[in-house]
Amino acid sequence: MENKDKKRVAMRIHGRVQGVFFRASTQGKALELGLYGFVQNEPDGTVYLEAEGKSEALKQLEEWAHQGPDRARVEKVEVEEKEGLRGFDRFEQRR
């Protein structure tokens with residue numbers, strides 16, 4: 001796949017998003033969509049992720065993030081398109 005078809009985004013998800021399997025669910029969804037990157041809990045109670053891949057798949061991940069897993073209560077999703085690709089080789093959960 002050509003890099004011109006790919007982009008990288010960062011998302012910060014606010015709400016009840018820690019302790020509800022948000023990271024594991026995000027990882028599963030990203031793998032299903034063929035995306036690479038990482039997801040992690042932040043000290044302020046948000047979940048932060050960076051993902052790269054096809055634009056359509058990133059859009060689907062963003063739509064999913066507004067809902068999240070069953071026990072999550074998402075209040076807000078901030079999305080920022082990032083400059084360049086990082087060349088992630090998998091999608092991982094970080095602490």
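Predicted model: local features only at pLDDT ≥ 70, side-chain atom pairs only at ≥ 80, totals over all residues.

Reader: OK, so is Phe21 buried or exposed?

Author: Phe21 counts as exposed, because its relative accessibility is 58%.

Reader: Where is the place of Phe21?

Author: Phe21 is in the loop between S1 and H1. Its phi is near 65 degrees, a positive value in a residue other than glycine.

Reader: Switching topic: what order do the strands of the sheet come in?

Author: The order is S4-S1-S3-S2-S5, five strands in an open sheet with mixed pairing. Strand S4 (73-82) and strand S5 (91-94) are the edge strands, each pairing on one side only. From one strand to the next, the twist averages 20 degrees.

Reader: And in which sense do S1 and S3 pair?

Author: Antiparallel, over eight bridges, with S1 covering residues 6-16 and S3 residues 47-54. Lys7 stands opposite Gly53 in S3.

Reader: Which strands do the helices touch?

Author: Helix H1 (residues 22-33) packs on the sheet and touches S1, S2, S3, S4 and S5, with its direction at about 175 degrees to that of S5. Helix H2 (residues 55-65) also packs on the sheet, touching S1, S3 and S4, and makes about 155 degrees with the direction of S3.

Reader: Last one: what does UniProt list for residues 8-95?

Author: An unreviewed UniProt entry gives "domain: Acylphosphatase-like" there. Over that stretch the chain is 26% helix and 42% strand, and the end C-alpha atoms are 21 Å apart.

Note on methods:
Residues numbered from 1 in each chain as written. Heavy atoms only, no water. UniProt positions renumbered as here; feature names shortened; annotations may be inferred. Helix = DSSP H or I, 4+ residues; strand = E, 2+ residues; numbered from the N terminus. Pairing = 2+ DSSP bridges. Axes fitted to C-alpha atoms, helices over the stretch in contact; angles between N-to-C directions. Contact = heavy atoms within 4.5 Å. Buried < 20%, exposed > 50% of the residue type's maximum accessible area, 1.4 Å probe, protein only.
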